[in-house]
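Please read each point with the model open beside the text.

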Amino acid sequence: INTMIHAGIDIGSRTIKLAVMENGSIIKTKKKINSYNPLVTCREILADVEFDTLTATGYGRHLIKNYIGCNIVSEIKAFAAGARMVSGQCRTVLDIGGQDTKAISIDGNGRLNRFEMNDKCAAGTGRFLEIMAAALGYRFEDFASEALSAEKAESINNTCTVFAESEVISLVTQGVPRNEISLGIHKSIAQRAVNLLKRVSVEKEILFAGGVALNRCMVSLIENELGCRIIIPEDPQVIGAIGCAFLNE
């Protein structure tokens, strides 16, 4: 029997993710940092990949549709499908990516109930964390562990990236320990993510997708706020791409 190979590509603001599925199983995933020319990056990530169908989601989905003529789906639909594929019990999805945050509620059959998105502003996203780490003089990979090492959190009042950066620099010059400021930044983002979730649903199981799910401090703060464990997939960044491939199965 000829089996079809379905590929899904999620063209995010920071990273492009690819997932390839055959007979209902993921056979390959790839990630590449996005460049100023997303089409070139898409070409590179697809170069040695064989597939019968391709479905795209993310910021650049319309761009690749014009270039390749593939199917496109909304990020909400892709993440809902990907989360169900990875965890059959999943009822709520939190996705914190490079430039936006999404909270999605799905029913017992994997159908979309409702969703909320914070896409007006980069505050509380991966990009925000990168800017704050740089403002504190931390390597991005050390940022979460530094925050976890703090005894207490310094509260951060500004939610706008530009103002928050000024506030952080001002706190540093006042001699506030950097790890306390780091924890304060993480807490403000965790609180915002939980508020977004509560507007949608906090029905278990809750799955955390997107690059920020790799941040241990963020996971632990969100779990504390919600009072329950959340599912972190093996590779939280490829959930949207998996959803795209799965929707063609």
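1. Helices (H or I, at least four residues) and strands (E, at least two) are DSSP runs, numbered from the N terminus.

2. A word on the basis of this note. The model is predicted: local features need pLDDT of at least 70, side-chain atom pairs count only at pLDDT 80 or more, and totals for chains, interfaces and linings use all residues. Residues are numbered from 1 along each chain as its sequence is written, and side-chain values use heavy atoms, with hydrogens and water left out.

3. How do the neighbours of β6 run relative to it, parallel or antiparallel? Strand β7 (residues 101-106) is antiparallel to β6 and joined to it by 5 bridges, whereas strand β9 (residues 206-209) is parallel to β6 and joined to it by 4 bridges. Between β6 and β7 there are 4 residues, and the two strands form a hairpin.

4. These strands belong to an open sheet of 4 strands in the order β8-β7-β6-β9, with mixed pairing. Its edge strands, β8 (112-118) and β9, each pair on one side only; two strands pair if DSSP finds at least two bridges between them. On average, neighbouring strands of this sheet are turned by 15° against each other, direction ignored. Axes here are lines fitted to C-alpha atoms, for helices over the stretch in contact, and angles run from 0 to 180 degrees between N-to-C directions.

5. Why is strand β6 (residues 92-96) described as largely enclosed by the rest of the structure? The description applies because 5 of its 5 residues are buried. Buried means under 20% relative accessible area, exposed over 50%, and partly exposed in between (1.4 Å probe, protein chains only). Thr92, Leu94 and Ile96 lie on one side of β6 and Val93 and Asp95 on the other, so that both faces are covered.

6. Helix α7 (residues 178-200) lies across β6, β7 and β8, and runs at about 150° to β8.

7. Helix α9 (residues 239-246) is mostly covered, with 7 of its 8 residues buried. Among the buried residues are Ile239, Ile242 and Cys244. The elements covering them include β1 (5-11), β2 (15-22), β3 (25-33), β4 (53-58), α3 (75-86) and β9; contact means heavy atoms within 4.5 Å.

8. A helix pair also deserves attention. Helix α4 (residues 126-135) and helix α6 (residues 161-173) pack at an angle of about 25°, with their axes 10 Å apart. That makes the two helices roughly parallel (angles under 35 degrees count as roughly parallel, over 145 as roughly antiparallel, 65 to 115 as roughly perpendicular and the rest as oblique). Phe128, Ile131, Met132 and Ala135 of α4 meet Thr161, Ala164, Glu165, Val168 and Ile169 of α6. The residues of this contact divide into 7 nonpolar, 1 polar and 1 charged. Here Ala, Val, Leu, Ile, Met, Phe, Trp, Tyr, Cys and Pro count as nonpolar, Asp, Glu, Lys and Arg as charged, and the others, Gly among them, as polar.

9. Finally, Met4 lies in the segment before β1 and is partly exposed, with a relative accessible area of 45%. Leaving aside residues up to four places away in sequence, Met4 touches Met21, Glu22, Asn23, Asp52 and Thr53. From Met4 to Gly175 the separation is 171 residues in sequence and 60 Å in space, C-alpha to C-alpha.
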